[in-house]
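Subject: Structure for you to look at

Hello,

Here is the structure I promised to hand over. Please open it first, then read the notes below it.

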Amino acid sequence: MLLSNVAKTIAKYQLFQSGDKVVIGVSGGPDSIALLYCLNELREEYQLKLIIAHLNHQIRGKEADADARFVQSLAKKLQFPCFVKSVNVPALAKKEKKSLEETARQIRYAFLWELAVKKQANKIALGHTADDQIETIVMWFLRGSGPEGLSGMPVVRQSEVPSTQYQTERSVRCKCKHPIYIIRPLLETSRKEILEYLNQHKISFRQDTTNLKPIYLRNRIRLKLLPLLEKEYNPNLRETLLRTATILRDEQDYFNSAANMLFPCLWNRERTDCIALNITELRRLDKAIHRHLVRQAIERVLGSLSGFGFEHIEAILELVKSGGDGLMLHLPHQLTVRIEQDHLCFYLEHPIKKTIQPNKLIAVPGTTQIETLGIKIKTELRTASPSASAKIRLNQNDIALLDADRIQFPLTLRTWQPGDIFFPLGMTGKKKLHDFFIDEKVPRTQRDKIPLIVAKNGDILWVVGKRINEKYKVTSGTKRILRITFT
């Protein structure tokens, strides 16, 4: 029964394509163990490559260490690669003055994402169930949330790059060559079904004793609030909440699609120092869509909505409603929102300083190192071969192949500047680098960190990790190739 339901969810949301490499978050508890066994059963059907990941939060001492050993033993039995990491979450939560739950969640997602990047996996599978969904919806309701929070967790979503403070690899960002998706194959399955499945197949699992104690908000909701509401108010509460979440999620998808279509009509792309939205046009729209447009603007500037709640969005909408020229708000993560003439402008209060010194010379051939940033650039001159033009189309993030005889040497390394243009590979015309970054969905906070390889005549040869210049690509007429490897 469980396997059939999971297979239906996978097919319904197209969670897998043949050959997917999947990192499975396995705590050792019943949900994650059931997920592991289900994916193992479906492995051949989808030609899946499975990797087990376990994070020891060091919250429960010897019990947590035993969980890690249990997962490692199970991985060995099933013959899957297994990666275990230990982090002192209580100490970190205390240091950063955050809740234990939130710190653990951020650490866990950062670990899974980092492992997926290293192992070139394109999916992260989590064992959240329908019961977890219900608890999440109630938790967001109690904390205060809009439709997005009340719609619960999605079955599938593209993973965001986690906060760098929880990453252990400085260069891990540069290694991600494809989107990574978080999937929840058990989200339409109850915990009761999972326990029946494990019992029927005599599959052992670990029990987290803290889940049985009302010490966290989620636990209190599970152990006290939900049973009370079901007994005293609505015996079908769980079905009601899941149905409501589905309706809200569908409506959220509609509004997000509408905002995606409207945003380019309001956005003044001539302003390269900020995201500027036309206020006159914005005010003509319904307030409901305002929220989605404002959220999009924040996300384009910062790359994430982390730290922004209802009160921040409403404050910006009040600015739109009542404001005059020059009025502004100072918001989290150094974001400033200001009315300038007929535009609502979103920009960083203190732009990030460039991390690469201007015009750093690059040895050709040879190796150039910038120790303070952990950067190494290796250049080689090679005689062209018939397969060279095919290789360039691989578009590797860390390697560029260029026609050496077209380049004016010496080469230098720098970051982007306003007004920069280049000819992206595959295009016939030039493009502003600012617009290229927008098309590539590079957050404004990250643009100053992307290195550029520049020729003597000022031409940008390579936007490292993104695209080379069409004018300098290797062709059938190329005689010498300049190979640049960026680490």
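Helices α2 and α3 are roughly parallel to each other, because the angle between them is about 10° and angles under 35 degrees count as roughly parallel. Their axes lie 13 Å apart. Please keep in mind that this is a predicted model.

Which residues meet where α2 packs against α3? From α2 come I33, L36, Y37 and N40, and from α3 come F70, L74, K77 and L78. Of the residues in this contact, six are nonpolar, one is polar and one is charged.

Next, the strands. Strand β2 covers residues 49–56, and seven of its eight residues are buried. β2 pairs with strand β1 (residues 21–25) through five bridges, and these two strands run parallel. In this pairing, L50 of β2 stands opposite V22. Five bridges also join β2 to strand β3 (residues 82–86), again in parallel. Here N56 has S86 in β3 as its bridge partner.

The helices and strands can now be put together. Helix α2 (residues 30–46) forms a right-handed β-α-β unit with β1 and β2. Helix α3 (residues 62–78) does likewise with β2 and β3, and that unit is right-handed too. Strand β2 therefore belongs to both units, if you follow the crossover as going from one strand over the helix to the second.

Regards

How values were computed. Residues numbered from 1 in each chain as written. Predicted model: local features only at pLDDT ≥ 70, side-chain atom pairs only at ≥ 80, totals over all residues. Heavy atoms only, no water. Buried < 20%, exposed > 50% of the residue type's maximum accessible area, 1.4 Å probe, protein only. Helix = DSSP H or I, 4+ residues; strand = E, 2+ residues; numbered from the N terminus. Pairing = 2+ DSSP bridges. Axes fitted to C-alpha atoms, helices over the stretch in contact; angles between N-to-C directions. Parallel < 35°, antiparallel > 145°, perpendicular 65-115°, else oblique. Contact = heavy atoms within 4.5 Å. Nonpolar A, V, L, I, M, F, W, Y, C, P; charged D, E, K, R; others polar.
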